[in-house]
Amino acid sequence: MNKHNLVVFSQNVRKNKTLTDTILETQKTTADIIFVQEPPHFLVKRIPSHTNPDGDPLYGTSNHPDWTLFILNVPGLKNPPRVAIYINKCLAKLRFSLRLDLINHRNINVVAFHNHQDTNLIINVYSDSNQTALQVLRDNIRNLERTIAMAGDFNIRDSDWDPSYYYHSNQTEDLLFITDSLNLKLSQLTNPGPTRFVNNHRESNSVLDLVFLAPDDPWFGQHTLAPELQKPSDHIPLIICMGIRKENIVSVVQSIKKDSEEEHDFIAELKANFKLLNMQSITDGQALQSSVNQLSLAHERTWAKHSKPKHITRYSKEWWNQECTDSLNAYRAGRDLMDWKTFKSNIRIAKRKFFDDKIYEIASSNKRPWDLMNWVKKKALPAIETITHEGRPCNSLPSLWNALHCSYNSAANRPVNTAIFNDLPRNDSIDWPPFSKQEFRDAIAKCSSLSTPGPDHISWRHLKPVVTDNECLERIIDIANACITYKT
Amino acid sequence: MPKSFRPIVLLNTIGKLIEKVISTRLQFHMTSNGFLDPNQLGGIKQRLMIDAGLYLTHCVCAGWLKQCHTSVIAFDMAQFFPSLNHVFLSACMEKAGLSRNITNFFNSYHAGRSTTYTWNGFSSPPFNTSIGVGQGSAFSPIISAIYMAPIIRTFKNRVNNLWEKIPLDILSFVDDGLLVSQEKSYELSSAYLLCSYNIITKLLLDAGLVMEHNKSEVFHFTRS
């Protein structure tokens, strides 16, 4: 079985929004998971409301199209969450879910993922000076058995991990009790050094950010300080490397590139499939069923022949441009405050340009202004919590399917009484002449070529040229008429 | 919560095209032969939610001139599309004047269906689905309108034929509805609304639909 290294980036960002945005953008190709302590919590936007003319305020933290955010949902500004986990969208196959049923606290994130038959937990912790997080962890220790990694800002100094500090802390006992119960072991830095830097002379630099990993794991990981990525925070980010079994991760999809030679051949062969259809032989429902089955098999073969595998990558097109990269590199080289300001202003300009172009496209080329509504209304974030059904979390797939099926079929076996409209008059019979070509042309003209195809992989984009072919259209109309005429 | 999600139909594109043509025809016939009630505003071409808004604003303003208050109950049906019953639908289509061919087509279209759920790239085995109409299909708007039409008609007949006729109106928008009453006193309109709310709840139950009572809301429009 192959090993796959999960790379976790962990940093206390000190509520800095630009820093968080930058981490999300720059780590999208290198990291799989990001642990953020003290994430920013700000007014994202005002969303249209039916009670407030100015719109209801929506508070939240930084987001990015390449990452799924796992965070406690806090509606107002008070008591914002102090930890957030971002999971790279490439890892969606591992079915990550925020386990609020295990711990629901703003200082701790417990996220589960499924690999092969196992469910594993990872925990992101921010422990404040009162060590609330440690108390919560201790109280819920029984729920956290399958933890393979716990990291974060623990705010505890101890000679065990900080050579510049000569004392033992009482809180260490608490922490070690928790990690021992979870069978986790303190991971040693490959490049030892302090993780938090201070500007004044009264305090000294310290090691506060810790990583605990499962030593039983055959691929016990390691972690490294990345001082070159520290940026304005006083905490140095940690890069944690931990192994999991590889399968399930790589995602490949079959696709046909737009306007390519393959697409051209694909459409030509679709037309040929229709023309091969012998409608004379269809005299009853059964014959119709077998003919359309054959047609769909032929389409499937055509798809398999012309489509090519495409890897889902972490790259996507957004506002970040070369100038942002250059100014960030300039800042990293010199650590000059002015460079940071230039970087921030470049980000602002890049974003504005990106969105202005989008607005122009929507207003002038597409003429679909309602597409802009997505920008003002509350964005539907992906489901990050486990589905619960009848009070229990659905952690296994069969229980999830059962929960979904029961919810959408609750009306099965519900009696109905058609006698209620017995006294209504029956309308005159409606004529149903055979379908015309114009009806089909009108219907397809309004279909968006961008819409997702059905299970046959044929999109409107492919079907439009097929319908313009007279012979193919006649076959489609024959199928439609046969559907109405013959009882299947 | 599973309720926060809804299953949608994904059909082969050629099937979708045929559905679109059939549903355009149904839209035309159902409107032109008057089977759909004028107060049904959802799922029907050329009728919009804006019509409902205009109707209500007009109603409220006209009431003020007559020194009347307008009171409404807004209600919502739980799991509307997955609850539509095929036997009931078939009876509605027959009332609408659709020929046996067409009702047979829909019976066969809905019979023997199965659903596969997909979650984060994982797919379930197929589950038999004996009830409901697929959401997101070209048929779902017009089917919902055909299903609701006889319910609205019967409701209107019932409130008109009570020992004392209830002066009341109803608006229907797919799975939402609005009962509108206009009286000089709140007591009277509240009584009318309560009575008609019970009638519609019972009628929906006969059609296999369940009113989501905790979502029902009463609004009184007064002039400040």
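The model is predicted, so local features need pLDDT of at least 70 and side-chain atom pairs count only at pLDDT 80 or more, while totals for chains, interfaces and linings use all residues. Residues are numbered from 1 along each chain as its sequence is written, and chains are lettered from A and ligands numbered from 1 in the order in which they are written.

I begin with chain B as a whole. Its secondary structure comes to seven helices and nine strands; these are DSSP runs numbered from the N terminus, helices being H or I of at least four residues and strands E of at least two. The C-alpha trace of chain B spans about 60 × 40 × 30 Å along its principal axes. Of its 224 residues, 39% count as buried, meaning that 20 or more other C-beta atoms, placed from the backbone, lie within 10 Å of the residue's own; 12 or fewer make a residue exposed, and anything in between partly exposed.

I turn next to the partner chain. Contact here requires C-beta atoms, placed from the backbone, within 7 Å. On that basis, 53 residues of chain B are in contact with 52 residues of chain A. The largest share of this side of chain B, nine residues, comes from α1(B).

Finally, I consider D169(B), which is found in strand β6 (residues 168-173) of chain B. Is D169(B) buried or partly exposed? It counts as partly exposed because it has 17 C-beta neighbours inside 10 Å. Leaving aside neighbours within four places in sequence, D169(B) is in contact with N39(B) and V180(B).

Conventions: Contact = placed C-beta atoms within 7 Å.
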